[in-house]
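The headings follow its spaces, its metal site, its strands and its backbone.

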Amino acid sequence: MKIPSIRLLGLFVALSAVPLFAQPNPAWLVHDRERPLPPVVDPGTASTQDQPGRPPSDAVVLFDGKELSNWVAMDGSPTKWVIRDGALECVPGSGYVRSLQGFGDCQLHLEWAAPTKVEGSSQGRGNSGVFFGLGRYEIQVLDSYQNNTYADGSAASYYGEYPPLANACRPPGQWQTYDMIWTAPRFDAEGKLLSKARLTVIHNGVVVQNNIELERPNAGRWFDPLPYKAHPQRLPIAFQDHGNPVRYRNIWVRELGAHRHPAFVLPDTLLDTYAGNYGKPGSWNSAKIRRLPDGQLLLSLGTSEVVLTAASPTHFHGQVTDVQVKFDFSGDKKKALVTVGEDFARAMVLEREAQ
Ligand code: MG
């Protein structure tokens with residue numbers, strides 16, 4: 001028998017090895033022609049110091065230099081931050097600013113600039129911060145250019161836990177980019193932590209946080225931060241007011257993972273107007289609505305309770321089941337249309353009790 005050459009033997013081993021590679025998704029064969037192709041995305045253009053770039057075609061643009069409609073104060077009231085020369089600028093003392101829309105796992109791009117005029121030192125210089133999870137998880141924004149401070153408080157640190165792998169800061173006044181990949185923490189129905197948040201940060205093109213696992217939320221308490229506590233997966237992005245007029249521009253998000261509806265965190269004052277008893281109390285066609293933290297509503301139908309998230313200022317969806325509530329407060333009656341699944345026989349228009 002002729003002994004095959006080492007080369008042929010190698011090819012044979014390689015080919016016979018192919019089926020042994022398990023596909024991450026077992027529904028598809030290796031090189032399966034039936035497998036859907038990835039969606040086409042126009043990647044946009046990069047920014048220069050003089051000109052912000054163009055976001056990818058599938059991004060949610062949160063700030064394009066012209067208007068503030070996506071930004072509010074933390075309680076949902078109008079923000080006091082201002083637009084100056086195409087940038088969103090912190091007005092010291094005005095509080096944090098947040099997006100109206102919430103995001104779960106996502107890619108976030110933003111550009112920031114510390115004030116050109118250098119004032120203060122250490123944490124007092126060009127301090128702001130980027131938060132995921134409605135103010136819970138802060139990535140530091142700081143003028144760390146020739147400005148020493150503690151390592152885990154430097155620019156692009158996950159504040160108080162992870163210093164950046166490098167100091168890639170540009171001089172104050174220059175535009176700097178943060179590109180981040182955020183994986184939200186997961187909690188079970190009882191609120192138990194299933195997996196911690198993960199984060200990658202690229203600062204001016206330099207990887208400075210490499211898929212770190214966040215030990216805990218880092219906001220709120222300086223010495224002994226609180227442990228993880230269950231919260232909705234999709235929550236707004238916020239920027240810190242730390243008393244310095246830090247500027248932001250070209251802010252966009254690409255949400256990772258499929259979602260049927262956007263998730264907004266509306267102003268508490270608006271959500272409070274929806275709270276109350278609807279229909280005839282005690283009867284089958286009655287409902288109760290109350291406000292929960294993080295912009296959610298709780299719908300009670302008999303003994304069933306459904307957590308609702310806003311897809312628009314008047315339209316809410318159940319988080320885990322197909323229940324919808326549309327509020328119509330336009331006439332003299334305050335009405336809620338409650339739809340359970342596709343069973344329109346169970347769609348109810350309920351009037352809210354006078355309060
Ligand atoms: Mg900060």
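How many nonpolar, polar and charged residues does the lining of the largest pocket have? By class, this lining has 24 nonpolar, 15 polar and 9 charged residues. Here Ala, Val, Leu, Ile, Met, Phe, Trp, Tyr, Cys and Pro count as nonpolar, Asp, Glu, Lys and Arg as charged, and the others, Gly among them, as polar.

## Model and overall dimensions

The model is predicted, and local features need pLDDT of at least 70, side-chain atom pairs count only at pLDDT 80 or more, while totals for chains, interfaces and linings use all residues. Residues are numbered from 1 along each chain as its sequence is written, and side-chain values use heavy atoms, with hydrogens and water left out.

The protein has 2 helices and 25 strands; these are DSSP runs (helices H or I, at least four residues; strands E, at least two), numbered from the N terminus. Its C-alpha trace spans about 85 × 75 × 40 Å along the principal axes. Of the 355 residues, 43% are buried, where buried means under 20% relative accessible area, exposed over 50% and partly exposed in between (1.4 Å probe, protein chains only).

## Pocket and cavity

The largest pocket has a volume of about 1400 Å³. Its lining comprises 48 residues, with His231, Pro232, Gln233, Gln296 and Gln319 nearest its centre. Strands S11 (186-187), S17 (263-264), S21 (304-310), S22 (315-318) and S23 (323-328) each supply at least two lining residues, and the largest share, 5 residues, comes from S21. On a 1 Å grid over the protein atoms alone, a pocket is an open set of points with protein on both sides within 12 Å along at least five of seven lines, a cavity is a set where a 1.4 Å probe fits but cannot get out, and lining residues have an atom within 4 Å of a point. Grid points are joined across faces, edges and corners, and a volume is the space filled by probe spheres set on the points.

The count comes to 1 cavity of 30 Å³ or more. The largest cavity has a volume of about 50 Å³, and its lining divides into 7 nonpolar, 3 polar and 1 charged residues. Among the lining residues of this cavity are Phe103, Phe132, Gly133, Trp182 and Arg234. His231 and Gln233 line this cavity and also belong to the residues nearest the centre of the largest pocket.

## Magnesium site

The magnesium ion is coordinated at 2.2 to 2.4 Å by Asn127 (OD1), Ser128 (O), Glu138 (OE), Gln140 (OE1) and Gln240 (OE1). Donors are N, O and S atoms within 2.8 Å of the metal (3.2 Å for Na, K and Ca); water is not among the atoms, so sites may look incomplete. The donor residues are spaced N-S-x9-E-x1-Q-x99-Q in sequence. Asn127 and Ser128 are both buried.

## Sheet and nonpolar core

An open sheet of 5 strands has the order S2-S5-S15-S8-S9, with antiparallel pairing. Strand S2 (71-73) and strand S9 (137-141) are at the edges with a single partner each, so one side of each has no neighbour in the sheet. Two strands pair if DSSP finds at least two bridges between them; S8 (128-132) and S9 are joined by 5, and Gly129 stands opposite Gln140. The rest of the structure largely encloses S9, because 5 of its 5 residues are buried. Tyr137, Ile139 and Val141 point one way from S9, and Glu138 and Gln140 the other.

The largest nonpolar core has 41 residues, and those with the most contacts inside it are Val130, Tyr178, Phe239, Tyr248 and Ile251. Such a core is a set of buried Ala, Val, Leu, Ile, Met, Phe, Trp, Tyr and Cys residues joined through side-chain atoms within 4.5 Å. Elements giving two or more residues to this core include S8, S9 and strand S7 (106-113). The largest share, 4 residues, comes from S7.

## Backbone with positive phi

Most residues other than glycine have a negative phi. Asn250, in strand S16 (247-255), has a positive phi of about 50 degrees and is buried at 9% relative accessible area. Asp294 has a positive phi of about 65 degrees; this residue lies in the loop between strand S19 (286-291) and strand S20 (297-301) and is buried at 16%. In the hairpin of S8 and S9, with 4 residues between the strands, Gly133 has a positive phi near 70 degrees.
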